[in-house]
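I opened the model today and kept notes as I went. Each entry covers one spot that I looked up.

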Amino acid sequence: MQLELRHLRTLCVIADVGSLSRAAPAIGISQPALTGQLHRIEAALGGQVFRRGRLGVTPTPFGMFVLSRARSILISFDELLGGAEPEPATTGVRVGGYHTPVLTGLLQRLFEMPGARVTVRTEYSPRLLLDLLASRRLDVATLVDYPGHELPAMATVGTRVIAVEPVAVALSAGHPLADRDAIPLSELADEDWLVTPPDGAGWPEYFYTACQEVGFAPRVRHMLTEPDMIRSLVAEGRAAAPCQATLKLGPDVVVRPLTGAALWMRHLLAWRLGGSIADRVDEWAALAADAHRAAVADVPGLAGRLRGEARDPHDSGLMDGANPPTVA
């Protein structure tokens with residue numbers, strides 16, 4: 001027998017009600033038919049999903065494994081089919097993003113507002129977040145992109161630049177260059193590197209190009225997204241990691257701006273045109289910008305460095321595709 005989605009739903013219903021006799025009418029078949037179907041499902045899976053008892057059924061350890069994945073599959077499938085439907089007004093604003101100070105700071109400010117109704121979804125890829133906005137699965141999102149890799153314009157999505165900041169490097173506090181205020185990228189040519197995986201929006205390709213422009217190909221030993229593992233490997237001196245200038249990785253790690261290459265990134269607020277925040281974009285953008293300023297102020301020397309490179313916000317060097325100034 002070939003497993004189908006309806007078979008996964010059957011398993012979940014049985015687990016939810018705890019007996020075949022109660023599950024059969026909920027599914028719409030007789031109990032003998034359900035018993036036979038369960039046997040065929042278990043045979044297809046290659047193991048017993050439920051342990052039968054006098055009071056009903058309980059999942060086996062293998063069954064717990066199957067059920068956890070079945071529920072995940074069903075949630076993803078239902079979202080794929082129904083996610084584009086407009087959310088009820090009672091659901092609140094659907095906010096997306098990746099772990100950046102702009103997203104975390106914006107959420108803190110939103111949750112403090114009286115009557116805030118916010119749901120949050122994080123995704124690693126800015127390009128995916130943009131698609132989720134366009135397909136009406138999100139109302140607003142915080143995004144990042146890089147010079148030469150600007151996110152594409154979409155007819156149904158508005159964007160606004162919140163901030164521009166230099167890309168930095170995370171090093172062990174014991175690294176010989178850790179006492180510098182900023183570090184030329186070329187002086188890190190002999191490092192082992194840790195990078196986050198491709199995000200569909202130009203990273204880490206942008207970083208690789210910058211390294212090549214100053215004369216070396218980065219020796220990438222690790223590719224990770226988990227913050228704890230990144231923190232551990234960097235703190236132990238096993239790798240250097242390009243990162244956001246406002247990133248905090250603990251007392252054993254220092255974060256320093258990179259110089260000698262046009263390594264910059266920009267933070268954006270994106271929203272669905274005609275969506276639930278379309279008439280509040282100025283307010284949300286101000287909150288996001290305030291969140292970024294607070295994160296910058298928490299990094300010694302970064303605010304002064306950004307002020308030293310200040311330019312007209314309509315000529316940031318990233319908004320029109322031109323190269324931004326190099327941090328000196």
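In which strand is Arg272 found? I found Arg272 in strand β12. A reminder to myself before going on: this is a predicted model.

**Entry 1: Arg272**

I checked accessibility next. Arg272 has 14% relative accessibility, so I log this arginine as buried. I then listed its contacts, leaving aside neighbours within four places in sequence. Arg272 touches Arg94, Leu133, Arg136, Leu138, Asp139, Thr156 and Ala278. Two of the partners I marked are the arginines Arg94 and Arg136. I also marked Asp139 as a partner.

**Entry 2: Arg136**

I followed one of those contacts, Arg136. Arg136 sits in the loop between α6 (126-134) and β5 (140-145). Is Arg136 buried, partly exposed or exposed? The relative accessible area is 34%, so Arg136 counts as partly exposed. Arg136 has a positive phi of about 65°, although it is not a glycine. For context, most residues other than glycine have a negative phi.

**Entry 3: Leu268**

Back to strand β12, which spans residues 264-272 and also holds Leu268. Leu268 is buried, because its relative accessible area is 4% and the cut-off for buried is under 20%. Which residues does Leu268 contact, beyond its neighbours within four places in sequence? I noted one run, Ala141, Thr142, Leu143, Val144 and Asp145. I noted another, Thr159, Arg160, Val161 and Ile162. I also took one distance. Leu268 and Val164 are 104 residues apart along the chain, and their C-alpha atoms are separated by 9.1 Å.

**Entry 4: helix α1**

I moved to helix α1, residues 5-17. Helix α1 has 13 residues and reaches 19 Å from first C-alpha to last. That is close to the 18 Å expected at 1.5 Å a residue. Which residues of α1 are buried? They are His7, Leu8, Thr10, Leu11, Cys12 and Ile14. Residues three or four places apart in an α-helix point the same way, because there are 3.6 residues a turn.

**Entry 5: α1 against α3**

I looked at how α1 packs on helix α3 (residues 31-45). The angle is about 115°, and the axes are 11 Å apart. That makes α1 roughly perpendicular to α3. The crossing of α1 past α3 is left-handed. From α1, the contact uses Arg6, His7, Thr10, Leu11 and Ile14. From α3, the partners are Leu34, Gln37, Leu38, Ile41 and Leu45. By class, this α1 to α3 contact has six nonpolar, three polar and one charged residues.

**Entry 6: Pro204**

Last stop was a proline. Where does Pro204 lie? Pro204 lies in the loop between β8 (192-195) and α7 (205-213). The peptide bond from Trp203 to Pro204 is cis, with omega near 5°. Most peptide bonds are trans.

Terms used:
Residues are numbered from 1 along each chain as its sequence is written. This is a predicted model: local features need pLDDT of at least 70, side-chain atom pairs count only at pLDDT 80 or more; totals for chains, interfaces and linings use all residues. Side-chain values use heavy atoms; hydrogens and water are left out. Axes are lines fitted to C-alpha atoms, for helices over the stretch in contact, and angles run from 0 to 180 degrees between N-to-C directions. Helices (H or I, at least four residues) and strands (E, at least two) are DSSP runs, numbered from the N terminus. Angles under 35 degrees count as roughly parallel, over 145 as roughly antiparallel, 65 to 115 as roughly perpendicular and the rest as oblique. A crossing is left-handed if the near helix is turned anticlockwise from the far one by less than a right angle, and right-handed if clockwise. Contact means heavy atoms within 4.5 Å. Ala, Val, Leu, Ile, Met, Phe, Trp, Tyr, Cys and Pro count as nonpolar, Asp, Glu, Lys and Arg as charged, and the others, Gly among them, as polar. The expected span of a helix is 1.5 Å times one less than its number of residues. Buried means under 20% relative accessible area, exposed over 50%, partly exposed in between (1.4 Å probe, protein chains only).
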